[in-house]
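The sequence and the structure come first, and the description follows.

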Amino acid sequence: MPVLATNASHDFLFAKLHGMWANAVKGEALQRLTSSGTTENLIRELRNFGLDASSRSAFHKNLILREMKQLGAIQAQLDDATALFYGALIDRVFYDDVKTVLHYFFFPENKTDINYLLVELPQHPAFPVDELLQAPNVDAFVRHLPVVDPEDHLEDIVRQLDRDHDMMTAECQIDKVHYRDLLRLAGRTPLDIRREAVLAVRRNIDIINVTILLRDVYLYHFEPEKMAGYWIDDGEQLKPEDLTALVAANGGVARTIHGLPKDFRELLEPFAAAELYLCENALWNYLYRYVYSLFRDYNRPALSIVAYPFLLRFETLNIGRVYEGVHFAIPPRDMQDMMIGV
């Protein structure tokens, strides 16, 4: 849905975004959350940031709504091209909702009310949940499935899922659609931010691909042909064929990491014998450092517009991880290892 943009100046937006980030859940505020000790204390701390954490079933949905509300408020002040880029970032929520609906249609043994799982936003078409989940066949399901872009070809993904019931492949295909759109719109932003916007998305793609690769080495051990269908195109340093070759080499964690480009090899080698989540966190911190360097570039205030959505996403992930960590009584020191950007 088109957004009415006011096209505020970059200097104004730089000041606004830095003011918002100054009040974000980070640093000492994040430390207080990880050290809260009990769910009751955490609920009290989160209330200071406008978050109601009293209902576990609603908390993560409300957390994402908080993130999207902030992005939408910024989007309304951007030039048209950058507003479309922000719109593509917001579309992540729509594609996640598609995954949720697909999961509960094709695997109905998981009985639950999915309405509290869907994070529907005003700028996206609504999901007719009852019609979708009660559809008698895939043709009826497809007729009710909303789309944000006819070029997404979601129907093809749904019909393939109907044939093979391979949910992991379907989710990867949906991610490919999302990142294709995101990269395309990053490449249409104004010239003063275009290079950095494209690079941020391409580095994000690389990190997702390396994460998928490591999960296969640690957990799945799929055939290279199957893994070849999972990679997202157009990363910065890694081509899909390079990733598939690393799977085919079947060299274990250390040798797989050694086969990565220098940046990722040096980043991950200290964690070659560690648990997978530490590798994944090191990868996200790599992206955090890049976007934070953009955010702190006072000579080019427009770059804060590129950086802020990524920083906001990391803030959301950190809060969600703390919430689950406290719920499961994970020690604060272990929770610190899960935080991004600390």
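Helices (H or I, at least four residues) and strands (E, at least two) are DSSP runs, numbered from the N terminus. The model is predicted: local features need pLDDT of at least 70 and side-chain atom pairs pLDDT 80 or more, whereas totals for chains, interfaces and linings use all residues. Residues are numbered from 1 along each chain as its sequence is written, and side-chain values use heavy atoms, with hydrogens and water left out.

**Helix H12 and its surroundings**

Helix H12 covers residues 240–249, and Leu243, Thr244, Leu246 and Val247 within it are buried; buried means under 20% relative accessible area, exposed over 50%, and partly exposed in between (1.4 Å probe, protein chains only). Seen down the axis of H12, the buried residues fall within an arc of 155°, so they line one face of the helix. That arc is taken from the directions from the helix axis to the C-beta atoms. The face turned away from the buried side of H12 carries the exposed residues Glu241 and Ala249. The buried residues of H12 pack against helix H10 (191–220), helix H11 (224–227) and H13, where contact means heavy atoms within 4.5 Å.

Thr256 belongs to helix H13 (residues 252–258). Its contacts, leaving aside neighbours within four places in sequence, are with Leu213, Val217, Leu246 and Gly251. The side chain of Thr256 also reaches the backbone oxygen of Gly252 at 2.7 Å. A polar contact is a pair of N or O atoms within 3.5 Å; within protein, one must be able to donate a hydrogen and the other to accept it, and residues adjacent in sequence count only if both atoms are side-chain atoms.

**Two loop residues with positive phi**

Most residues other than glycine have a negative phi. Asn250, in the loop between H12 and H13, has a positive phi near 50°. His221, in the loop between H10 and H11, has a positive phi near 60°. Asn250 is exposed, with a relative accessible area of 67%, and His221 is exposed at 55%.

**Helices H5 and H9**

The axes of helix H5 (residues 80–106) and helix H9 (residues 167–186) come within 9 Å and cross at roughly 170°. This makes H5 roughly antiparallel to H9. Axes are lines fitted to C-alpha atoms, for helices over the stretch in contact, and angles run from 0 to 180 degrees between N-to-C directions; those under 35 degrees count as roughly parallel, over 145 as roughly antiparallel, 65 to 115 as roughly perpendicular and the rest as oblique. Residues making the contact include Phe85, Arg92 and Tyr95 of H5 and Glu171, His178 and Asp181 of H9.

Leu46 lies in helix H3 (residues 39–47), and Lys61 lies in helix H4 (residues 56–75). Beyond residues up to four places away in sequence, Leu46 touches Leu33, Leu51, Ala53, Phe59, Ile319 and Tyr323.

| Residue | Relative accessibility | Class |
|---|---|---|
| Leu46 | 0% | Leu46: buried |
| Thr256 | 3% | Thr256: buried |
| Lys61 | 25% | Lys61: partly exposed |
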